[in-house]
Protein chains: 2
Amino acid sequence: MKKSIVISTQQTKFSALAFQEGLKENIKLISALGFDGVELAVRDPQNLNKENIIQLVDEYSLEVPAIGTGQAWGEEGLSFSDPNEIVRKMAVERIIEQIKFASYFSSQVIIGLIRGVVKEGATREETEEWTIAGLRECLEFAKEKNVKLTLEPVNRYESNFINSLEEGIEFIKKINRPDIGLLADTFHMNIEEPSIYGSIIKAKDFITHVHFADSNRWAPGYGHLDFPKIVDTLKEIGYQGYVSAEILPLPNQTAAAEMTIKTLNLLNI
Amino acid sequence: MKKSIVISTQQTKFSALAFQEGLKENIKLISALGFDGVELAVRDPQNLNKENIIQLVDEYSLEVPAIGTGQAWGEEGLSFSDPNEIVRKMAVERIIEQIKFASYFSSQVIIGLIRGVVKEGATREETEEWTIAGLRECLEFAKEKNVKLTLEPVNRYESNFINSLEEGIEFIKKINRPDIGLLADTFHMNIEEPSIYGSIIKAKDFITHVHFADSNRWAPGYGHLDFPKIVDTLKEIGYQGYVSAEILPLPNQTAAAEMTIKTLNLLNI
């Protein structure tokens, strides 16, 4: 397994990110601390200086295992499941842009909050149909670019649409296309999974990316999750991908990054 | 310790209640299952047939350890911390009514979601001041009625105003009046406390009521919380009050109540 941490590429209202400003300084620190990669949270790749970012991660010898996309939901209300067809189309176009950006790094593109929610007035069935149609369109494009998607279940308070790994697996089966895996996030799992370890084992053929955050969404080590046992379980299923810290910048950004690397090193990741 | 479970005394939008309808049937079942008490969730005591409820719990030999008051926030928007003085006044009046009702049973009155939130445009300081003023007024009245209040920290997604036991203790100290204790709810603690056990120990002089729900808010036994260790910790601090299940009615109400009593019995509560 390899070590990564999430940073935002721009200012954001969404606070579950270790770093929000000073991209170069942050990438430098992440590299110096010994992370193998940096996960980028991107609202809209078209607003980014892509060349600058590509050069930066190259300069500091970091990989980019995944691109987070939830800011487009949080800040613009874009989603695959909006009853408004124009909004759904904009969400698909946005993910197409994310796939283009991801192709520079062979990153996975995360399908988390951008799924949206089952809105009042819409049925669960049509919400699923809209989302499946949009994701299939994205997956067609991703195939050309050799990029994969990864579906992130999130806890009940953030969405009513795919909360547990089991629901994620069922949904991936309904999409019925290759190149979309499952993202296991320990913070969400602590709230949603009957057994964190049992759910990982059941999802062994689907997990393509992992987020670590402790029970309180602080860096691993600040809460009460049993990370040694979580890591043992990931080893048991043969997971060899990235463990990426998506955490609150508390007590401050640097301390959060330092606690993360300390814990991941202790876990021999 | 004694065993209790929450029921709603009327229809509600708030679903974290084991029973929502058929008060008599529910009280009969709760008694038959072997609970010592029933915690009542009440939106407005003035809409209740109080004599009927008093008679029912007496008939089935149940105690009423606590009265839940959050429905007045969820359904009417009443809170101690609203910038609108009239809303704050209505919240105080509502809790005064709850105290009158509680006095029939010597119940504690729960101050949970009725605190409200730190609203946009209001400072945390004024939010605290309004809430402290309202609670002091309620505590004056409660003293006459020989009723106590209990402050329930709730997780970050439900309010931004007192999430952890530590924040609850600090706030109780600011209120600086006797007769208000702390409610430890395992579902909220799983999200907010760095250590569930450590936080219980630190709160030992304050805890006057306990809610049990598993990590997924189902009945204890359906999730991954370590209830044997939680019970050991409660014994360690000498807690002798009620353990009351505030849970989702899943997979259905009866199964949830049965799983609760099974788990509480296994724990020798």
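Buried area is the accessible area (1.4 Å probe) that two parts lose on being put together, summed over both. The structure is a predicted model, in which local features need pLDDT of at least 70 and side-chain atom pairs count only at pLDDT 80 or more, while totals for chains, interfaces and linings use all residues. Residues are numbered from 1 along each chain as its sequence is written, and chains are lettered from A.

**View 1. The interface between chain B and chain A.** About 1,300 Å² is buried between the two chains, 47% of it on carbon and sulfur atoms. Helix α7 (residues 186-192) of chain B contributes the most to the side of chain B that touches chain A, with 5 residues. By class, this side of chain B has 8 nonpolar, 7 polar and 5 charged residues. In contact (heavy atoms within 4.5 Å) are 20 residues of chain B and 20 residues of chain A.

**View 2. The barrel of chain B.** A closed barrel of 8 strands runs β1-β2-β3-β4-β5-β6-β7-β8 with parallel pairing; two strands pair if DSSP finds at least two bridges between them. From one strand to the next, the twist averages 30°.

**View 3. Strands β5 and β6 of chain B.** Strand β5 (residues 148-151) runs parallel to strand β6 (residues 180-185), and 3 bridges join them. B:Leu151 stands opposite B:Leu182 in β6(B). Helix α6 (residues 165-175) of chain B lies across both strands, at about 170° to β6(B); angles run from 0 to 180 degrees between N-to-C directions of axes fitted to C-alpha atoms, for helices over the stretch in contact.

Technical notes:
Side-chain values use heavy atoms; hydrogens and water are left out. Helices (H or I, at least four residues) and strands (E, at least two) are DSSP runs, numbered from the N terminus. Ala, Val, Leu, Ile, Met, Phe, Trp, Tyr, Cys and Pro count as nonpolar, Asp, Glu, Lys and Arg as charged, and the others, Gly among them, as polar.
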